[in-house]
Amino acid sequence: MRLSRRALLAATTAAASITAAPPARAAAAKHHTPFRTGFENLAATGYAPLEGQRVGIVTNPTGVTRDVRHIVDVMHADDRVNLTAVFGPEHGFRGTAQAGGSEGRYDDPATGLPVYDTYLKSGQALADIFTTAGVDTIVFDIQDAGARFYTYIWTLYDCMEAAQLAGKRFVVLDRPNPVTGRSAQGPVLHKEFATFVGRQPISQAHGMTVCELARLFNGEFLTAPVPLQTVRMTGWQRSEFYDASALPWVPPSPNMPTPDTALVYSGTCMFEGTNLSEGRGTTRPFELLGAEGVDGRWAAAVNELGLPGVHFREAYFAPTFSKFQGKTVGGVQIHVHDRAAYDPVRTGIALLVTAKKVWSGFAWRSDNWIDKLTGSTQVRTAIDAGAGTDDVVAGWQRELAAFRRVRKEYLLYK
């Protein structure tokens, strides 16, 4: 990781960051500062950072106001901003596509704006889309889930890189990390395992907001920094979960239906790298885990560990799609009873370790997808060697400590 561009980053982003709150209000007691998203603060300025610009926006169904109007509809109807294009990520701008899908190129029926597909596009190919769209400034506003393998943060990275190649400005509107920004947890990606579920070496649960990530990407990972402006939230504290914001929850993707899903996701998404169901096709994805042949021994084994903040219930379910579609499988349901004490990544490791011990049918996906999710071979090989939860977790602590030091330089909130 390179730290040499921090001075440049400060000049190009921190000075450009805006809030609509006047100094007297900003100095007020933090618990009394009204919460506002980046978009709300942008709108409160009359869209001043976008004045005179042809604007394109990267967004999805989560880009809404607190009264659930989509910001594209709001901006399109406002003469103070010249919104000329929309760029849709995985699942699409309006959210019509399932995991691994997108909406393609079309004209939005509600606004008439051209919608371009960014999914699985990067580098010069994505830069060419921005050039074709004829925009001057690209705005990003998508709700993240707090995990490295949630692809929207890599859409952010790819779009920043492409904007730099195309000579465009880039503006990021902040929203809360739904599982707090207290700390970074989990293994750090090794560059040789980089994919769209992890482009750069950050930790599995990054504990950052999208504006903070944009600053990190610009300062550490992009070959050349993009002209970046971050529009911060006001009234948000790092220790707060999503419900503290009083914002409506719009599922960022079809299998992220509630903030409870996001709470467990950075740990249980690792089950995508196994032959067990991660709960897709149920009403509680990533909270229900299981497979044919699994019984109550799994819940008993993981409960015996006394993991903080969580209980496990023996559960049976029949997924309507994905793994074990239409079949009844056995497993566990995760019940988090103390969010502040709960460690999703360590819990996910404990679930993997105990599943392998109690169920003889346990197997990794044949393509070793678990290595892409965790960022290296360390987790898989340690578990295969019979390591316990604490030993597996110990294996990434030095790299995590190094990432935490770098991460600290880019945080915007207390």
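## Stop one: a pair of buried rings

Start by selecting Phe271 and Trp298: both are buried. Keep in mind as you look around that this is a predicted model. Now show the side chains of Trp154 and Tyr157, which both sit in helix 6, three residues apart, or about one turn of the helix. Trp154 counts as buried because its relative accessibility is 0%. Tyr157 is buried too, with a relative accessible area of 6%. Go back to Phe271 and Trp298 for a moment: their ring centres are 5.9 Å apart and their planes are at 45 degrees, so this pair is tilted. It ties together distant parts of the chain, with Phe271 in the loop between helix 8 and strand 10 (288-291) and Trp298 in helix 9 (residues 297-303), 27 residues apart.

How many aromatic pairs does a search of the whole structure find? The count comes to 16. Trp154 and Tyr157 make an edge-to-face pair, 6.1 Å from centre to centre and with 70 degrees between the planes.

For a group of rings, select Phe149, Tyr150, Tyr152, Tyr265 and Phe286, which ring pairs link into a cluster.

## Stop two: helix 6 against helix 7

Colour helix 6 (residues 152-166) and helix 7 (residues 210-221), then turn the view until you see them pack at an angle of about 45 degrees, with their axes 10 Å apart. At that angle the two helices, helix 6 and helix 7, are therefore oblique to each other. Their crossing is right-handed.

Which residues meet here? On the helix 6 side, pick Ile153, Trp154, Leu156, Tyr157 and Met160; on the helix 7 side, pick Val210, Leu213, Ala214, Phe217, Asn218 and Phe221. Sorted by class, this contact of helix 6 with helix 7 has 10 nonpolar residues, one polar residue and no charged ones.

Is it buried or exposed? Here 12 of the 12 residues are buried, so helix 7 is largely enclosed by the rest of the structure. Among the buried residues are Glu212, Arg215 and Glu220, as well as Cys211 and Gly219.

## Stop three: helix 5 against helix 6

Helix 5 and helix 6 pack at an angle of about 65 degrees, and their axes are 8 Å apart. The two are therefore roughly perpendicular to each other. Helix 5 passes helix 6 in a right-handed crossing. To see the contact, select Gly123, Gln124, Leu126, Ala127, Phe130 and Thr131 of helix 5, together with Asp158, Cys159, Glu161, Ala162, Ala163, Leu165 and Ala166 of helix 6. By class, that contact of helix 5 with helix 6 has eight nonpolar, three polar and two charged residues.

Most residues other than glycine have a negative phi.

Select Leu120, in the loop between strand 4 (114-117) and helix 5 (123-133). Its phi is near 65 degrees, a positive value in a residue other than glycine. Leu120 counts as exposed because its relative accessibility is 57%.

Then jump to Ala246, in the loop between strand 9 (228-231) and helix 8 (259-268). Ala246 isn't a glycine, yet it has a positive phi of about 60 degrees. With a relative accessible area of 59%, Ala246 is exposed.

## Stop five: two buried loop residues

Head for Gly181, which lies in the loop between strand 6 (169-173) and strand 7 (185-188). Gly181 is buried, with a relative accessible area of 0%. What does Gly181 touch, leaving aside its neighbours within four places in sequence? Show Gly207, Trp236, Arg238 and Arg407, and you have its contacts. For a sense of distance, draw a line from Gly181 to Ala301: they are 120 residues apart in sequence and 31 Å apart in space, C-alpha to C-alpha.

Finish at Glu272, in the loop between helix 8 and strand 10. Glu272 counts as buried, at 12% relative accessibility. Not counting residues up to four places away in sequence, Glu272 touches Glu278, Arg280, Phe286, Lys323, Arg365, Trp369 and Leu373. One of those, Phe286, also belongs to the ring cluster from the first stop.

Notes
Residues are numbered from 1 along each chain as its sequence is written. This is a predicted model: local features need pLDDT of at least 70, side-chain atom pairs count only at pLDDT 80 or more; totals for chains, interfaces and linings use all residues. Side-chain values use heavy atoms; hydrogens and water are left out. Axes are lines fitted to C-alpha atoms, for helices over the stretch in contact, and angles run from 0 to 180 degrees between N-to-C directions. Helices (H or I, at least four residues) and strands (E, at least two) are DSSP runs, numbered from the N terminus. Angles under 35 degrees count as roughly parallel, over 145 as roughly antiparallel, 65 to 115 as roughly perpendicular and the rest as oblique. A crossing is left-handed if the near helix is turned anticlockwise from the far one by less than a right angle, and right-handed if clockwise. Contact means heavy atoms within 4.5 Å. Ala, Val, Leu, Ile, Met, Phe, Trp, Tyr, Cys and Pro count as nonpolar, Asp, Glu, Lys and Arg as charged, and the others, Gly among them, as polar. Buried means under 20% relative accessible area, exposed over 50%, partly exposed in between (1.4 Å probe, protein chains only). Rings of Phe, Tyr and Trp (its six-membered ring) pair if their centres lie within 6.5 Å; planes under 30 degrees apart count as stacked, over 60 as edge-to-face and the rest as tilted.
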